[in-house]
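Please load the model in your viewer and colour it by secondary structure before starting. The stops below are meant to be selected in the order in which they are given.

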Amino acid sequence: MLTITAPDFCRGIKTERYENKRKTIKTEQAEQTGKSNDRSGGNYRYLFRGVGFNRDGVMKTRVCTKCGEEKPETAEYFYRAKTYRGGLNTMCKVCWIKYARKWRAENPEKQRESVRRWQAKNPEKNMEAARRWRAENPEKEMERKRRWKAENPEKQRESVRRWYAENPEKAREAEKRWRAENPEKVKEAALRRRNTLAPNYLKQLISNKYDISHSEIGDELIEAKRRELKYYRQFKQLKQLKK
Ligand SMILES: [Zn+2]
């Protein structure tokens with residue numbers, strides 16, 4: 001049997017709330033008896049009635065239904081549970097953590113469903129928690145993003161497209177930076193456009209030659225240029241073979 005008396009126990013947890021409650025009790029007692037009561041120690045037994053101490057100022061205890069250990073009946077040792085006696089769980093915290101972990105492992109579907117329900121009910125808390133997790137696990141976050149991109153290439157492309165459309169200024173900046181950092185890839189891409197007679201390559205040629213902007217160049221013009229270049233290249237190849 002644990003016998004911690006209120007005054008001893010209280011020394012560590014004199015919070016503002018308890019102090020205010022103590023003052024109220026003192027005032028009430030002074031009104032009833034007609035004299036002030038300075039000895040604070042004696043008042044804690046009333047103060048803590050119902051919050052972990054019985055009438056005599058002896059700490060209330062509770063036997064855990066799982067491990068059978070006797071522990072102080074406080075929120076420090078038992079999780080709060082509104083529907084239980086005294087507003088505390090019947091299992092101690094240690095046992096509850098083990099029990100909850102086991103349940104989650106055995107019911108992954110139900111666990112996910114429960115998490116989803118909580119997230120739907122607490123969108124702001126969820127966002128805050130997610131933000132904190134990302135800040136605390138930058139490497140895992142990067143890995144998670146990488147995996148998501150690999151598994152959802154369509155969505156990834158769509159999201160990039162949307163970002164470009166919504167942030168034209170930043171997009172130009174990012175592109176400039178990327179081009180400066182990857183000269184080899186830029187060269188490769190240019191060569192590829194040239195070899196395949198890609199629309200952008202043809203547009204550039206037309207734009208240079210006739211001094212008109214890209215938006216003014218229609219599909220017909222591009223197609224004409226493509227045909228012209230194709231014949232020109234074939235003609236050049238033939239000439240080379242003759243030599
Ligand atoms: Zn226990």
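A residue is taken as buried if 20 or more other C-beta atoms lie within 10 Å of its own, as exposed if 12 or fewer do, and as partly exposed in between. In this model, which is predicted, 7% of the 243 residues of the protein count as buried.

If you display contacts between residues at least 6 apart in sequence, 30% of them join residues at least 24 apart.

Next, select T74, which sits in the loop between β2 (70-72) and α4 (93-106). With 18 other C-beta atoms within 10 Å, T74 is partly exposed.

Move on to helix α6, residues 123-136, whose 14 residues reach 20 Å from the first C-alpha to the last, close to the 20 Å expected at 1.5 Å a residue. Helix α6 is hardly covered, since the count of buried residues in it is zero. Then select helix α9, residues 168-181, which also has 14 residues and a reach of 20 Å between its first and last C-alpha atoms, close to the 20 Å expected. The number of buried residues in α9 is zero, so this helix lies largely in the open.

Continue to L197, in the loop between α10 (183-196) and α11. The phi of L197 is near 50°, a positive value in a residue other than glycine, and with 16 other C-beta atoms within 10 Å this residue is partly exposed.

Now show α11 (residues 199-210) together with α12 (residues 219-242), which pack at an angle of about 90° with their axes 10 Å apart. The two helices, α11 and α12, are therefore roughly perpendicular to each other. To see the contact, select P199, L202, K203, L205 and I206 on α11, and L221, I222, K225 and R226 on α12; the residues of this contact divide into six nonpolar, no polar and three charged.

Finish in the loop between α11 and α12, where D211 is placed. Although D211 is not a glycine, its phi is positive, at about 55°. Is D211 buried or exposed? With 7 other C-beta atoms within 10 Å, D211 is exposed.

Terms used
Residues are numbered from 1 along each chain as its sequence is written. This is a predicted model: local features need pLDDT of at least 70, side-chain atom pairs count only at pLDDT 80 or more; totals for chains, interfaces and linings use all residues. Axes are lines fitted to C-alpha atoms, for helices over the stretch in contact, and angles run from 0 to 180 degrees between N-to-C directions. Helices (H or I, at least four residues) and strands (E, at least two) are DSSP runs, numbered from the N terminus. Angles under 35 degrees count as roughly parallel, over 145 as roughly antiparallel, 65 to 115 as roughly perpendicular and the rest as oblique. Two residues are in contact if their C-beta atoms, placed from the backbone, lie within 7 Å. Ala, Val, Leu, Ile, Met, Phe, Trp, Tyr, Cys and Pro count as nonpolar, Asp, Glu, Lys and Arg as charged, and the others, Gly among them, as polar. The expected span of a helix is 1.5 Å times one less than its number of residues.
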